[in-house]
Amino acid sequence: MILIILIVVVSNLLFLLNFDLISKKLNIYDIPGSRKIHTKKISRIGGFLLLSTHLIYYTYFYYFYDNDLDFYHNLSLNLFLLPISFFLIGIFDDKYNLNANLKLFSLGIILLIFLPNFDDFIIKEIKVSFLDKKLLLNEYGL
């Protein structure tokens, strides 16, 4: 586990040292405007750090983690693609300044695609303790 932490730290450090170069290559900047407090254009690629860390941890757990391996392999594609999907929407937003409604709709569609594969995140029932009632949601739990 110490090795994986060291790999994450080194990769993030390399990314931070090349932050400006990556920003220039992708041309993703936040340009100052009337509602901004900064006076120079600044990079908007901080999500790469989160994504690279996720991919390193994902790779480690996918190939080297022994506990509950069947569970992890069943969800592995979803655990890999969900953060990448959110990241890509963020990059498109940074690059093309997407409409907030479009972003919300896109994120909602992605969640509707992936959530059925994460059984622990689906609300199956609502219990009202003071009435001693249980409301089963069945297919509406999503």
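## Close-up views of a predicted chain

**View 1. Ser23 and the residues around it.** Ser23 touches Ile28, Tyr29, Ser43 and Ile45, not counting residues up to four places away in sequence; a contact here means heavy atoms within 4.5 Å. You will find Ser23 in helix α2, residues 19-26. Helices (H or I, at least four residues) and strands (E, at least two) are DSSP runs, numbered from the N terminus. Is Ser23 buried or exposed? Ser23 is buried, since its relative accessible area is 1%. Buried means under 20% relative accessible area, exposed means over 50%, and partly exposed lies in between (1.4 Å probe, protein chains only). Before we go on, please note that this is a predicted model, in which local features need pLDDT of at least 70 and side-chain atom pairs count only at pLDDT 80 or more, while totals for chains, interfaces and linings use all residues. Residues are numbered from 1 along each chain as its sequence is written, and side-chain values use heavy atoms, with hydrogens and water left out.

**View 2. The whole chain, for orientation.** Let us step back for a moment. The chain has five helices and four strands, and from the N terminus on they run α-α-β-β-α-α-α-β-β. Along its principal axes, the C-alpha trace spans about 60 × 45 × 25 Å. The radius of gyration of the chain is 20 Å, whereas a compact globule of 142 residues would have one near 14 Å. That radius is taken over C-alpha atoms, and the globule rule is 2.2 Å times the number of residues to the power 0.38. Of the 142 residues, 24% count as buried. Among contacts between residues at least 6 apart in sequence, 45% join residues at least 24 apart.

**View 3. The largest nonpolar core.** Which residues make up the largest nonpolar core? They are Phe15, Ile28, Ile45, Leu49, Leu51, Ile84, Phe87 and Ile91, eight residues in all. The elements giving two or more residues to this core are α3 and α4 (69-96), and α4 gives the most, with three residues. A second, separate core has five residues, including Leu82, Ile89, Phe114 and Phe118. A nonpolar core is a set of buried Ala, Val, Leu, Ile, Met, Phe, Trp, Tyr and Cys residues joined through side-chain atoms within 4.5 Å. In soluble globular proteins, nonpolar side chains tend to be buried together. Zoom in on Phe15: leaving aside its neighbours within four places in sequence, Phe15 is in contact with Ile22, Ile45, Phe48 and Leu49.

**View 4. Helix α3 from end to end.** Helix α3 covers residues 47-64, which makes 18 residues. At 1.5 Å a residue, α3 should span 26 Å, and its end C-alpha atoms are 25 Å apart, which agrees. The expected span of a helix is 1.5 Å times one less than its number of residues. Which residues of α3 are buried? They are Leu49, Leu51, Thr53, Ile56, Tyr58 and Tyr60.

View 5. Ser85 lies in helix α4. With a relative accessible area of 17%, Ser85 is buried. Leaving aside its neighbours within four places in sequence, Ser85 is in contact with Ile110 and Phe114. Leu88 also has its place in α4, but Leu88 is partly exposed, with a relative accessible area of 40%. Leu88 and Gly47 are 41 residues apart along the chain, yet their C-alpha atoms are separated by 9.6 Å.

**View 6. The start of helix α5.** Look at Asn99, where a side-chain oxygen reaches to within 2.9 Å of the backbone nitrogen of Asn101 at the start of α5. Helix α5 has 15 residues (100-114) and should span 21 Å at 1.5 Å a residue; its end C-alpha atoms are 21 Å apart, which agrees.

**View 7. Two loop residues with positive phi.** Asn27 sits in the loop between α2 and β1 (29-30), and Asp132 in the loop between β3 (125-128) and β4 (133-136). Phi of Asn27 is near 55 degrees, a positive value in a residue other than glycine. Phi of Asp132 is near 55 degrees too, again positive in a residue other than glycine. Most residues other than glycine have a negative phi. Asn27 counts as partly exposed, at 49% relative accessibility, while Asp132 is exposed, with a relative accessible area of 71%.

Terms used
A polar contact is a pair of N or O atoms within 3.5 Å; within protein, one must be able to donate a hydrogen and the other to accept it, and residues adjacent in sequence count only if both atoms are side-chain atoms.
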